Protein chains: 2
Amino acid sequence: MKVLIVYAHEEPHSFNAALKNTAIKTLEAAGHSVIVSDLYRMKFKAVADGEDFLERRDKHYLKRQLEEKAAAELGTLSHDILTEQKKLRDCDLLILQFPLWWFSMPAILKGWVDRVMAMGFAYGGGQWYDTGGMKGRKAMVSVTTGGPDFMYSPLGRNGDMDKILFPIQHGILYFCGFEVLPPFVAYSPAHASPEQRDAMLKNYGKRLATLETLQPIAFHPTHHFDERMQLKPEFQS
Amino acid sequence: MKVLIVYAHEEPHSFNAALKNTAIKTLEAAGHSVIVSDLYRMKFKAVADGEDFLERRDKHYLKRQLEEKAAAELGTLSHDILTEQKKLRDCDLLILQFPLWWFSMPAILKGWVDRVMAMGFAYGGGQWYDTGGMKGRKAMVSVTTGGPDFMYSPLGRNGDMDKILFPIQHGILYFCGFEVLPPFVAYSPAHASPEQRDAMLKNYGKRLATLETLQPIAFHPTHHFDERMQLKPEFQS
């Protein structure tokens, strides 16, 4: 497999860095090839704006999706976007490695999504969810949290982790056509002992060894919805 | 009331701009004062990094929350963060005005949250949720979507809007202590007629007229949870 890790942490001695490094080591040892987009190191431009388009379809009124669609066709998206899109096109598995900040991605990673997952590339023209532009590829979220696991249980103070990750796993990854593997969550490494941190890294290594046989999350494909885009009764549970 | 609108759209002729302008006009006409943080116009720095701290507690290892806590005490957060924090401290109501991009905020607004809602300011030291640093203030999300309303119904293709907004409304706004007013959602203005767009703006104006009496979303306060931070049986529904 060709694996792309998009990594969003500034500190090279962080636990996020250790997870990223564990992934590189484990996956390469298993014969996979790994590419890393280290967003902080790349000083990746986080803010989606008019400068993302080398030519503007409409110079007077910025309608982002239409500019994206035109630029994707003409090859006039900015160079850093095209570079990331090529990495995505070439990969079999995408891993997003980030600390959960405010129950979501750090802005630099959200900006990578906002800019790289452009209309006409990742979706559009009827291609979305199970027919999205990234169809045939897998994706997995690997996150660290501040709080302990019980805070993220279905009845926990912060709310269920599946619910917290829904906009990312369903709204970004599945929307773009990825099969989404279950997330790997390292809970509260900042408050863990060195032994506990080692155990988390070992668990991550074990998880990575199962990637090729792991069942993706069972999100509803398009044919489960009626013409008004409502879930059909036979698929409601 | 003193109202702070944090606004995240680049295009001054967008529907987001029209909603922002409607809010300014309506709220000022009702005798409130309004301040706008126009993030694109301010070229607000979206990426949280070591440069956010004028002095570093630990120059060799960046542990963001500890740096935030120390810098909040010492007043050594970067100037742009302090400016936004002052606006927040002075406001009675915060409105986040943004287009729903990838079922979440544009990166520039996520970066505003990542950087401005610092530990030691918005939360920390046992202050969170109903005792968060922004306690006594209200907040409201005002978003536009690409898709029509039925896509965001509980059984709709994109998932329930409440579920999509949970990380923002519960995980950011309520976490920081705001009372969260029900969101205003303008569905698919890009595909609406001029008359429909006018009607949406009128609806927003009507909503804004009810702000002071509107019931906040009934999130669970801390005393609904047991010592293991699990929702007590009597509050489960």
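Figure 1. In chain A, 76% of the contacts with a separation of 6 or more join residues 24 or more positions apart. The model shown here, as in the views that follow, is predicted. Chain A contains six helices and six strands, and from the N terminus on these elements follow the order β-α-β-α-α-β-α-β-α-β-β-α.

**Figure 2. Dimensions and burial of chain A.** Taken along the principal axes, the box filled by the C-alpha atoms of chain A is roughly 55 × 50 × 35 Å. Of the 237 residues in chain A, 44% are buried.

**Figure 3. Relation between chain A and chain B.** In general terms, a rotation about an axis and a shift along it relate two copies of a chain.

**Figure 4. The interface, seen from the side of chain B.** Contacts between the chains involve 42 residues of chain B and 42 residues of chain A. On the side of chain B that touches chain A, the elements giving two or more residues are α4 (107-116) and α5 (161-174) of chain B. Of the elements, α5(B) gives the most to this side, with seven residues. By residue class, this side of chain B divides into 23 nonpolar, eleven polar and eight charged residues. Because 100% of the interface residues of chain B are also interface residues in chain A, the copies meet through the same surface.

**Figure 5. The largest nonpolar core and the surroundings of B:Leu94.** The largest nonpolar core comprises 136 residues. The residues with the most contacts inside this core are A:Leu94 and A:Leu109, together with B:Leu94 and B:Leu109. When neighbours within four places in sequence are left aside, B:Leu94 is in contact with B:Leu4, B:Val6 and B:Leu88, and also with B:Arg137, B:Ala139 and B:Phe178.

Notes. Residues numbered from 1 in each chain as written. Chains lettered and ligands numbered in written order. Predicted model: local features only at pLDDT ≥ 70, side-chain atom pairs only at ≥ 80, totals over all residues. Contact = placed C-beta atoms within 7 Å. Helix = DSSP H or I, 4+ residues; strand = E, 2+ residues; numbered from the N terminus. Nonpolar A, V, L, I, M, F, W, Y, C, P; charged D, E, K, R; others polar. Buried ≥ 20, exposed ≤ 12 C-beta atoms within 10 Å, placed from the backbone. Core = buried A, V, L, I, M, F, W, Y, C linked by C-beta atoms within 7 Å.
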